[in-house]
Amino acid sequence: MTNTAVTLRTNKLSYQKEALAVASLAEQLNRQMIVILDFGSQYSELIARRIRETNVYSEVLSYQTTAQQLQQLHPQGIILSGGPNSVYDDGAPLCDPEIWNLGIPVLGVCYGMQLMVQQLGGTVTRAKKAEYGKAALLIDHPTELLSNVRDHSTMWMSHGDSCVTLPDGFEVLAHTQNTPCATIANYHKKLYGVQFHPEVVHSTDGLALIRNFVYNICECEPTWTTAAFIEEAIREVRAKVGEKRVLLALSGGVDSSTLAFLLHRAIGDKLTCMFIDQGFMRKGEPEQLVKLFQEEFCIRVEYVNARDRFLARLAGVTDPEEKRRHIGHEFIRVFEEESQRLGPFDYLAQGTLYPDVIESAHTNVDPKTGERVAVKIKSHHNVGGLPKNLRFKLVEPLRKLFKDEVRQLGRDLHLPESIVRRHPFPGPGLAIRIIGEVTPERLNILRDADFIVRDEIHRQGMYNDFWQAFAVLLPIRSVGVMGDKRTYAHPIVLRFVSSEDGMTADWSRVPYDLLETISNRIVNEVKGVNRVVYDITSKPPGTIEWE
């Protein structure tokens, strides 16, 4: 079981509406669907992403979704996620037991498997030896769930409980050295369980197992594609917006740029993009962005220079959450003021993605009360930073997509590869890559250092080797020596990471000669810097950005 819980949808009215919305979407798309019931695992959305990699639509719903509601959704299969609880804990999340009788294939993952075993009459207890990390899967019966899963393949374990006895009708398909029941099945009821996490990249044949469940057991067809999404998204936007005008918060990143192309195809000149230059962009980007969209794409862009306004708003602010809130609120206020000048506009479009929503409100479980308490890791300016009295209605067609899906969407919309492959850049920009207070001097230092990082990885043809590569400015000074003179200047942190979706990331093993070149250029070309260091922290435990 995992230690950190992701948002548990506990409000009955909310998850009922959510289930109906998913049913409507699946019906409109005329697509088969796999539903993931979320028990608080940090990997719940990753399961959905893995299923979508098989070109089958998937959605994450609350564990409280009833069997009756699931019947209305007509899913081809159901997956129960992992979770931080033990099934025998007081207040542990339980699913509707009628789910086992629906005749719909069910796959329980980690906690989901243990819940299946307990509710159907088996026994789950604290394991004699907890199992975390990599484990070899020893296959006893290579049936349809384990087809193309190699014996002794590596699977990722994260559990302290174990299934001791299985319910009637179940059999063991595989085990590990420490876990007798690593994979189980009841073929008659189409119920399956795995004690490991096939969705994580550390499980070498995990995707093969997921494909087996989706294709062989649920009998799904690979009909979920970005081309199909484009068609449906256009219909939904046109139906929602009608003849109203839409204002798009354009940043120049792949998310907002893809959204601009999608909306322009859907509503044409009823779309106005507004680029607010808050002063936290990278060197040369504002000018390049406006020219590209207006002259090459023929999409209307209103440029607003609000640099002084944002800097004044951040004066004296050092807390990262306060920075994000101030920037998010100021964005909306500027949009409201400028829209009145240009408008009126009824809708504000944003390139909000699934990971933005996930990270903006994580939950943990109180071990004393069993209650789920929201613990915010960091708010995203387009999710947690929005004011409650927002005047606009929101249009967020990309809200349920992962970053890799948006990139493919951009390609299908014929965006230039330079935009599609652009490294993710946070909405608050360089303001959250300056630790502490944001000042004009610090912005200039970081902007110059960041330019060198990007320039060198482009020069060496390595830009696409990294998920993100950037510089961070620390608000401290250290002693150095230049030209036989003592210096007392800032350090720059280099942050290079590899990732698939931004939800997890590993630090990149950058060639030393590249690091050396970047370091030499920064300390020689950027006034105010005399030291360069490299961040070798993965996510988790760190985040990709420093703030």
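1. At 15% relative accessibility, Asp255 counts as buried, where buried means under 20% relative accessible area, exposed over 50% and partly exposed in between, for a 1.4 Å probe and protein chains only. Asp255 lies in helix 7; helices (H or I, at least four residues) and strands (E, at least two) are DSSP runs numbered from the N terminus. Beyond its neighbours within four places in sequence, Asp255 is in contact with Gly351, Leu353, Leu398, Lys403 and Val406, contact being heavy atoms within 4.5 Å.

2. The basis of these remarks is a predicted model, in which local features need pLDDT of at least 70, side-chain atom pairs count only at pLDDT 80 or more, and totals for chains, interfaces and linings use all residues. Residues are numbered from 1 along each chain as its sequence is written, and side-chain values use heavy atoms, with hydrogens and water left out.

3. An unreviewed UniProt entry places the feature "binding site" at Ser251, Gly252, Gly253, Val254, Asp255, Ser256 and Ser257. UniProt positions are given in the numbering used here, with shortened feature names, and annotations may be inferred rather than shown by experiment. Gly252 is buried, with a relative accessible area of 11%. Not counting residues up to four places away in sequence, Gly252 touches Ser257, Leu289 and Arg422.

4. Strand 10, helix 7 and strand 11 form a right-handed β-α-β unit. A crossover is right-handed if, with the strands pointing away from the viewer, the path from the first strand over the helix to the second runs clockwise. Strand 10 pairs with strand 11 in the parallel sense over four bridges, pairing requiring that DSSP finds at least two bridges between two strands. Within this pair, Leu247 stands opposite Thr272 in strand 11.

5. A further right-handed β-α-β unit consists of strand 11, helix 8 (residues 285–296) and strand 12. Strand 11 and strand 12 (residues 301–305) pair in the parallel sense over five bridges, and Phe275 stands opposite Tyr303 in strand 12.

6. Strand 11 (residues 271–277) has seven of its seven residues buried, so it is largely enclosed by the rest of the structure. Both of its faces are covered: Leu271, Cys273, Phe275 and Asp277 are buried on one side, and Thr272, Met274 and Ile276 on the other.

7. The largest nonpolar core has 116 residues, of which Phe496 and Ile522 touch the most other members. Such a core is a set of buried Ala, Val, Leu, Ile, Met, Phe, Trp, Tyr and Cys residues joined through side-chain atoms within 4.5 Å. Helix 7 (residues 254–267) gives the most to this core, with eight residues. A second, separate core of 33 residues includes Ile36, Ile47, Ile79 and Tyr192.

8. Arg454 belongs to helix 14 (residues 440–459) and is buried, with a relative accessible area of 14%. Leaving aside neighbours within four places in sequence, Arg454 is in contact with Arg282 and Lys283. Arg454 and Ala471 are 17 residues apart in sequence, and their C-alpha atoms are 9.4 Å apart in space.

9. With a disulfide taken as a pair of cysteine sulfur atoms within 2.5 Å, the count comes to zero. The sulfur of Cys181 is 6.0 Å from the closest cysteine sulfur, in Cys163, too far for a bond. For Cys218 the closest cysteine sulfur is in Cys220, at 5.2 Å, again too far for a bond. Cys181 is buried at 5% relative accessible area, and Cys218 is buried at 4%.
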